[in-house]
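Hi,

Here is the structure I promised to hand over. Have a look at it first, and my notes on what turned up follow below.

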Amino acid sequence: MINIILDTNILHQEGLSSKNMQVLSRLSRLKKISITIPELVTREFVSKKIQTSKENITHARSKLEPLKKNIGQDHELANDISQLELKLKELHQNIEEPINQNLENWVKANNIYVPIFKSEDIQSVMESYFNGGGGFRTAKAREDIPDAMIAK
């Protein structure tokens, strides 16, 4: 069986529903390949989706205020805009759960293995940090810490 490890860049580039990801998902469900996505990668992926979604919602809300000013408070549409603002605020507060759930459902449906980084593994990651081994290109390369954790 072929083992495939997906990283954050691939997940962001492809998303969960691209044609390429659909092929990988189907092969995984058929047990032709094994897909691994380290926990840190799933967390980076989800946190970016949440951040982007919240920014989009905030942007949408900011576009309603000038519209409401143009209409004026006395028009019945002003109430509709206020309702939209409230709905967007609620969406902003609750967007994390469906994004997390979407990834969890996808992982489950496609037999994807998500290894959890163990806190005791940080010792070897730090050793590699100081000597430049493991997932580090050079000693003390701070930007390589996430990659070293993923490799571990």
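Let's start with the inside: the largest nonpolar core has 22 residues, and L6, L11, I35, I37, L103 and W106 are those with the most contacts within it. By nonpolar core I mean a set of buried Ala, Val, Leu, Ile, Met, Phe, Trp, Tyr and Cys residues joined through side-chain atoms within 4.5 Å. For burial, I used relative accessible area: under 20% is buried, over 50% exposed, and partly exposed lies in between (1.4 Å probe, protein chains only). At least two residues of this core come from each of helix 2 (19-29), strand 2 (33-36), helix 3 (39-71), helix 4 (76-94) and helix 5 (96-109). Helix 3 gives the largest share, six residues. Helices (H or I, at least four residues) and strands (E, at least two) are DSSP runs, numbered from the N terminus.

Before going on, the housekeeping. This is a predicted model, so to speak of local features I needed pLDDT of at least 70, and side-chain atom pairs count only at pLDDT 80 or more, while totals for chains, interfaces and linings use all residues. Residues are numbered from 1 along each chain as its sequence is written, and side-chain values use heavy atoms, with hydrogens and water left out.

Back to L103: setting aside neighbours within four places in sequence, L103 is in contact (heavy atoms within 4.5 Å) with L16, T42, F45 and V46. There is also another core, apart from the largest one, with five residues that include V125, Y129, F136 and A141.

Now the charges. How many salt bridges does the structure hold? Three, where a salt bridge is a side-chain nitrogen of Lys or Arg within 4 Å of a carboxyl oxygen of Asp or Glu.

- K54 and E96 pair up at 3.2 Å, N to O. K54 is in helix 3 and E96 in helix 5, so this bridge ties together parts 42 residues apart in sequence. Both ends are partly exposed, K54 with a relative accessible area of 21% and E96 with 36%.
- E85 and K68 meet at 2.9 Å, N to O. With E85 in helix 4 and K68 in helix 3, the pair ties together parts that are 17 residues apart in sequence. E85 is buried at 15%, and K68 is buried at 11%.
- K87 and E90 have their closest N and O atoms 3.6 Å apart. Both lie in helix 4, three residues apart, about one turn of the helix. K87 is exposed at 51%, whereas E90 is partly exposed at 38%.

Cheers
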